[in-house]
Amino acid sequence: MLNLDMGLLSKKARRVSDDGIAMSCRVRLARNLAGERFPDWATEHDRERVLGKVRDALRVEAPDFRVGPISACEEQDREILCEAHLISKDLLERSAGGGMAYAADGSVCVMINEEDHLRIQGFSGGLNMETAWQAADALDTRLEAHLDYAWSPRLGYLTACPSNVGTGLRASAMVHLLGLRLLGEIEAVVRGLERMRLLVRGMGGEGSEAAGQIYQISNMDSLGSDERTIVQRVSRICAEVVRQERNARERLIQESPLVLLDCLARSLSVLQNARLLATSEALEFLSAMRLGTSLGLFTRMKVSDVDKLILMMQPGHLQKCLGMTLTPDERDEMRAEYLRRKMTNVKLKG
Amino acid sequence: MKCELCHKAEAETAIQKKVDGEDQELYVCGSCAREALRSDETLAASGPAVAPGDSSQRLSALPLMGMILDAAFEIVGRTVSFSDQTCPVCGITRSEYRKASRLGCPACYEAFAKELDVAVEEMHRSLQHTGKTPEKARALWQRRQLEQALDSAVKGQRYEEAIALRDQLRKLEKPDAGREGDPA
């Protein structure tokens, strides 16, 4: 059994690509309007006025965008937007004047009156950070013709928190690093990244834990280097992290196949049999499924299928999918049932 | 600003203290800060305190920006006695933005420049923007600078300089003015 598995694992090792490791990336630009209080200190009336100015500018420069106040979204839809990382929890909690705008193709999304007046976000798959940067930069340049940005030659774009001043740019990549975790090497990698002045956070951004070993890596400094230099640096370092994770996966297969197979088999078993599953717990097992599928070790399952499940099993998506509002206990029950159904025919190869 | 505990020496740093069951931030002199650290009664059970030159104390529970700003205040506070400054545009006070870790408006960067520059440099290892320049904002900034210089030249009766500045301002208003071939 072990020999067979090892043979299979060795073959699969050659197929490991970065597809399953670099999940997505984002470039965000923080912008504020001159002469207006920052959202946290503004009155509801001030925020409504800013929302109106931004909406007017978007109507001219991005007429195909959907724009509206967050309060116009149903509660469940807001949760879904947050789970998909299009908007933040801070924006959800904004009582008045909070808004969002997004391109139909999902490449760009703007948060209005979050921590700053505008947070323009460009998205892309894998590590295509240049694509994400270009999308955010293009919209920013168009909006600039209509909005008076708060800017100074010395400090650049002025932001509500000095940690974002300068370019106002945060380039981040979401990476799945379970291989490094299983080898006990993740802490060293995180320490190394922090020494290179990169921020390492969980999937949910600031203050979140790296549940499921999904990490968000981003630049710490936003002042002193130009935008392209920051984007290229983060991208280059993240590519190195991906290379390290790939190397860790290969070593796992070669040197500790039992550790890997045990992790995969246990995870599949829980997902196929559990009757109650909390979100964080489900994410841990799906993380292992993701590693297994990227190595080609599970039948009838692709990495993109697991990514879809990671999204669908979250509270907002789950309730939307089932068309009902559930209590947390009911959600755990329905989540377990949903994942059991999806895992019915999945098998560990070998 | 005088120490809020002894009311004699100049305040050097901030500590947190429980007053009537509520955590309050007090600006105190070095001696009172050290005294507060020694006294269990004075130091709130959960209240962090920051005193200059004492690294053995409990870590401050203030947010990251607050901690960096604290360090900046220590440096700035030794040479300049600070007061609870207010931003002239949005009215937010220094202690308010420190507690919230968010500034009130873009003008706060000028109002609190002394301490913010220290904090910004600590955060980014730089104090000079080198990236994108929004054309409208750059023009507005240039215009303000010229207007201030013109005002100063007029007040100082430096009329030749004032005329040159006025001409530059006019060029900004009508970028085509003065080009060869322009109709008079």
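A residue is buried if 20 or more other C-beta atoms lie within 10 Å of its own, exposed if 12 or fewer, and partly exposed in between, with C-beta atoms placed from the backbone. The model is predicted: local features need pLDDT of at least 70, side-chain atom pairs count only at pLDDT 80 or more, and totals for chains, interfaces and linings use all residues. Residues are numbered from 1 along each chain as its sequence is written, while chains are lettered from A and ligands numbered from 1 in the order in which they are written.

**Exercise 1. Find which residues of α9(A) are buried, and where they sit around the axis.**

Step 1. Locate the helix. Helices are DSSP runs (H or I, at least four residues), numbered from the N terminus. α9(A) spans residues 257-273 and has 17 residues.

Step 2. Check its length. The expected span is 1.5 Å times one less than the number of residues. From first C-alpha to last, α9(A) reaches 24 Å, close to the 24 Å expected.

Step 3. List the buried residues. They are Leu260(A), Leu261(A), Cys263(A), Leu264(A), Ser267(A), Leu268(A) and Leu271(A).

Step 4. The arc is that of the directions from the helix axis to the C-beta atoms.

Step 5. Turn to the other side. Leu258(A), Val259(A), Arg266(A) and Asn273(A) are exposed there.

**Exercise 2. Describe the surroundings of Val346(A).**

Step 1. Val346(A) lies in the segment after α13 (328-343) of chain A.

Step 2. Classify it. Val346(A) is partly exposed, because 17 other C-beta atoms lie within 10 Å.

Step 3. List its contacts (C-beta atoms, placed from the backbone, within 7 Å). Not counting residues up to four places away in sequence, Val346(A) touches Leu268(A), Phe298(A), Thr299(A), Arg300(A) and Met301(A). Leu268(A) is also one of the buried residues of α9(A).

Step 4. Take one C-alpha separation. Val346(A) and Thr299(A) are 47 residues apart along the chain, with C-alpha atoms separated by 5.5 Å.

**Exercise 3. State where confidence in chain B is lowest and where it is highest.**

Step 1. Start with the mean. pLDDT is the predictor's confidence in each residue, from 0 to 100. Chain B has a mean of 72, and 62% of its residues reach 70 or more.

Step 2. Compare elements. Helix α2 (residues 64-79) of chain B is lowest, at a mean of 55, and helix α4 (residues 108-111) of chain B is highest, at 94.

Definitions and conventions. Helix = DSSP H or I, 4+ residues; strand = E, 2+ residues; numbered from the N terminus. Contact = placed C-beta atoms within 7 Å.
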